[in-house]
Amino acid sequence: MNRNAFFERLKNLLLFPGYEWKVISLEKRALSDVITTYVWRLILAGGFAQFIGSFFYVRNVLDIDAYRFSLPLAQAFIYIAVQFLVIITGSVFIRGIAFRFGSEKNLAKAVKLTAFSYTPVLIVFIIANLHQVLLVALLPGVYAIYLFRTGCQYMLSTPGNRRLSFSVIYLIVMLGLLFVFTRLFGYLSSLIFTGFGGV
């Protein structure tokens with residue numbers, strides 16, 4: 001997926017999700033391509049924003065020279081790792097429970113559904129990671145529920161009467177995984193950055 005196709009997909013998913021899900025369900029794009037040319041770009045942008053935000057936080061608030069670059073770098077890597085783990089683990093979970101909602105159990109389609117539905121969250125994280133005050137920017141991320149609800153009918157053939165409940169479970173799963181992985185990596189980082197309380 002080249003740059004133009006990447007931004008075209010972003011635009012269509014956010015503005016014309018019904019149309020774009022039909023396109024996604026029909027295309028034969030490999031999972032590796034979805035991860036490396038779409039998901040990776042969004043996560044990397046969020047990681048860069050995390051580094052910038054953490055750098056200014058350490059410099060202006062903590063004023064700890066020893067952590068000037070190491071802490072922001074660690075936070076950026078942790079953000080990238082957490083987001084990848086959330087998407088991959090969430091995809092496996094969605095695939096595992098799909099049958100309970102009358103949906104197709106297909107891991108490749110589950111990964112695409114989960115990753116593309118997660119687009120609004122990854123976009124708003126790019127903004128929110130720049131400063132703690134901007135965490136309110138995460139609120140539009142709930143649009144991911146609508147994307148999942150719209151996409152599950154095309155990707156996993158979810159019946160109309162099961163789409164809303166499936167979408168709610170998707171939200172709970174993704175938020176839960178985000179919380180667990182963030183806390184886990186935060187604890188591990190606290191063992192390295194002593195006196196700070198983790199990343």
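R41 lies over the face of F6, at 5.2 Å from the ring centre. R9 does likewise with another ring: its charged end sits over F116, 5.3 Å from the centre. A charge counts as over a ring if NZ of Lys or CZ of Arg is within 6 Å of the ring centre and within 35 degrees of the ring normal.

This is a predicted model: local features need pLDDT of at least 70, side-chain atom pairs count only at pLDDT 80 or more, and totals for chains, interfaces and linings use all residues. Residues are numbered from 1 along each chain as its sequence is written, and side-chain values use heavy atoms, with hydrogens and water left out.

**Aromatic pairs**

F6 and F116 belong to a cluster. Rings of Phe, Tyr and Trp (its six-membered ring) pair if their centres lie within 6.5 Å; planes under 30 degrees apart count as stacked, over 60 as edge-to-face and the rest as tilted. By this rule the count comes to 11 aromatic pairs. One of them is F101 with F166, which is stacked: 4.5 Å centre to centre, 10 degrees between the planes. F101 lies in the loop between α4 (70-97) and α5 (107-117) and F166 in helix α8 (residues 163-190), so the pair ties together parts that are 65 residues apart in sequence. Helices here are DSSP runs (H or I, at least four residues), numbered from the N terminus. F101 and F166 are both buried, meaning under 20% relative accessible area; exposed is over 50%, partly exposed in between (1.4 Å probe, protein chains only).

**Two loop glutamates**

E27 lies in the loop between α2 (17-26) and α3 (31-62). E27 is buried, with a relative accessible area of 18%. Leaving aside neighbours within four places in sequence, E27 is in contact (heavy atoms within 4.5 Å) with R9 and K112.

E104 is placed in the loop between α4 and α5. E104 is partly exposed, at 29% relative accessible area. Beyond four places in sequence, E104 touches A98, K109, M155, L156 and S157. Of these, M155 is 51 residues away in sequence, yet 8.2 Å away in space, C-alpha to C-alpha.
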